[in-house]
Protein chains: 2
Amino acid sequence: MSDRLAIYAEGLFANAHGKTGHGIIRYGQRDVVAVVDSTTAGRAANEVVPFTARAIPIVATVQEAVDLGATRLVIGVAPTGGRLPAAWKAALLEGLHAGLDVEAGLHDELAADPDLVAAAKEHGRELRDLRGVPDDLTTPSGEGMRLPVTVVHTVGSDCAIGKMSVGLELVRAASEAGRAAVFVPTGQTGVGIAGWGMAVDHVVADYIAGAAERLVIEGAERGDLLFVEGQGSLLHPAYSGVTLGLLHGARPHVLVLAHLANTTHIDDWDVAIPPLDELCELYERTAAPLRPARVAAVALNTQHIADDDEARAAIAAAEQESGRPCDDPVRFGPERLWAAVERELAAVGALG
Amino acid sequence: MSDRLAIYAEGLFANAHGKTGHGIIRYGQRDVVAVVDSTTAGRAANEVVPFTARAIPIVATVQEAVDLGATRLVIGVAPTGGRLPAAWKAALLEGLHAGLDVEAGLHDELAADPDLVAAAKEHGRELRDLRGVPDDLTTPSGEGMRLPVTVVHTVGSDCAIGKMSVGLELVRAASEAGRAAVFVPTGQTGVGIAGWGMAVDHVVADYIAGAAERLVIEGAERGDLLFVEGQGSLLHPAYSGVTLGLLHGARPHVLVLAHLANTTHIDDWDVAIPPLDELCELYERTAAPLRPARVAAVALNTQHIADDDEARAAIAAAEQESGRPCDDPVRFGPERLWAAVERELAAVGALG
């Protein structure tokens, strides 16, 4: 019998930090029976998070999720810094005692916590760390760039604005167009959705690019058109190192820039996002020494714009500002962005 | 009684990877009684490595170092990937059995090796991991950028070409000019020399910038003009993530670019180093969104040019190419570069 998931997102399911749970619900193939968040309990997931199609019940406690048939508790929040708060640990212990397996993608590994390990052992349950990293990881060898695969990489102006979703939508469009397209997960949410991959932000800093190369090598066994999920932003005061290591380790042929409509600064930081054409150029200049790659399109996240016509106007403005084709692939479908990526792949002779 | 060091550099003391040992000998305040390297044994350190002033005997075995009075064995090599080879481990065990403390700055931590831990315990010796990282490290808070300190950051065109040495030379010049100048070590060699700091390439990738910020905060307790050691290069296929995370976490006011004379490509990689003016501009563009900083000077490493006049010609050419004042601070002294840094600090109002 396969897992039935309860997504733990206490206090944060409506927040952008709840993206892990949102992604598992929206794009995952896994059976989700409940979301645990006392602050939105009583409603359905799709009433709280726009574009989350499935009407999964939100409950207030872990026990209620057990009553709905959950077999596995998954932390569905990506907190800043990735630490495990004490309140969450108590919920995980409650889940283990109630007979649930437990899964998380934090930097604090479940398997390193003696209390969780003891409770899992006592009840014969599994602890799964999505950010687990292979023991033999090291710096890149150069093998990845010599493989006969084409790499598209989604980058962004900030964190948690939809780089993963853009990648998943483009994979869908490319697959429908008959391509052997593969989503390459680089963060805990993507790993939770796809069931493989690596959270590159969790590796030893010296091995970021090595981790990205390894994912390209593994992806090449699954198809010849890889969409490598981006992380962070070249502008981000905390995460830019991961962004650049991933960009250089993946050596993309084409970039797609994700941006959240109507934002002018990095979230929580006094760092201005430059005009989109400048930002595209910064990514291109930074990628170029290793492998030249153009930003072929801009994916605009319009989730905070209620009206469709206003969303379309924002897309037209971003197209003007960036000088690239632009659309919101989650709201209006990925076809337009995929067409732009396909044209760019043809232009650089990497169409396969 | 303080430590008397034996530097273990088997087979690699003459190589650029021996930089940890070279740095400890050249810039450290610690007592070094021997280098262990059977391939150069019988000579003195300063005969094998140019500009290493101290005539320390090179011996073939750990036992000979013990006979010369060593009390601590330090791995003096920074191998690619930072793993501990089996042959080195055997030497460390020999050292522990002979009564030496052991110190290393590898990614493979000494304290994680059961054989080394058992031998250290048996003989009452210390295992010291220079790449050890504080348990409570996380993403940056923004505190570092609000402190009343000025930050100079040495960046580079490649790894292992002298960014640390340039920083140490500039600290010397600034101190002689009466400034409260502090060298902020960000790699295992720097930590070995200065006795504090953090190897930022060893932290969890998400925490690179957080580690850099913490070092700025710690540095601010030691003085108000910080010279933060750079790591890797924005162009490096393996290490660029660490480079950018460090650059953004340190938020420098001024940059100094280190370059190895007569190199056109990243060592061991098919990646061309752009003209120096372009490379300076790439660093400036990448730093700018967080805090604008100009490359005030270029430090040219001329160690592979035997003749002083030829070295001076190479410096003049690099000055022309970069459009910045240039000198080799290790060969000809740091005064010229320090003057350029001081002018730039005055220009941006950060002279203190």
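Me: What rotation and what shift along its axis superpose chain A on chain B?
Reply: In this predicted model, chain A is superposed on chain B by a rotation of 180 degrees with 0.0 Å of shift along its axis, and the RMSD is 0.1 Å.

Me: What makes the two copies related as by a two-fold rotation axis?
Reply: Two copies of a chain are, in general, related by a rotation about an axis and a shift along it. Here the rotation is 180 degrees and the shift is 0.0 Å, and the two copies are thus related as by a two-fold rotation axis.

Me: How do you know that the same surface serves both copies?
Reply: Of the contact residues of chain A, 100% recur in chain B.

Me: Why are α7(A) and α14(A) called roughly perpendicular to each other?
Reply: Helix α7 (residues 163-176) and helix α14 (residues 335-347), both of chain A, pack at an angle of about 75 degrees, with axes 9 Å apart. Angles of 65 to 115 degrees count as roughly perpendicular, and therefore this description applies to α7(A) and α14(A).

Terms used
Residues are numbered from 1 along each chain as its sequence is written. Chains are lettered from A and ligands numbered from 1 in the order in which they are written. This is a predicted model: local features need pLDDT of at least 70, side-chain atom pairs count only at pLDDT 80 or more; totals for chains, interfaces and linings use all residues. Axes are lines fitted to C-alpha atoms, for helices over the stretch in contact, and angles run from 0 to 180 degrees between N-to-C directions. Helices (H or I, at least four residues) and strands (E, at least two) are DSSP runs, numbered from the N terminus. Angles under 35 degrees count as roughly parallel, over 145 as roughly antiparallel, 65 to 115 as roughly perpendicular and the rest as oblique. Copies are superposed by least squares on the C-alpha atoms of residues with pLDDT of at least 70 in both. Two residues are in contact if their C-beta atoms, placed from the backbone, lie within 7 Å.
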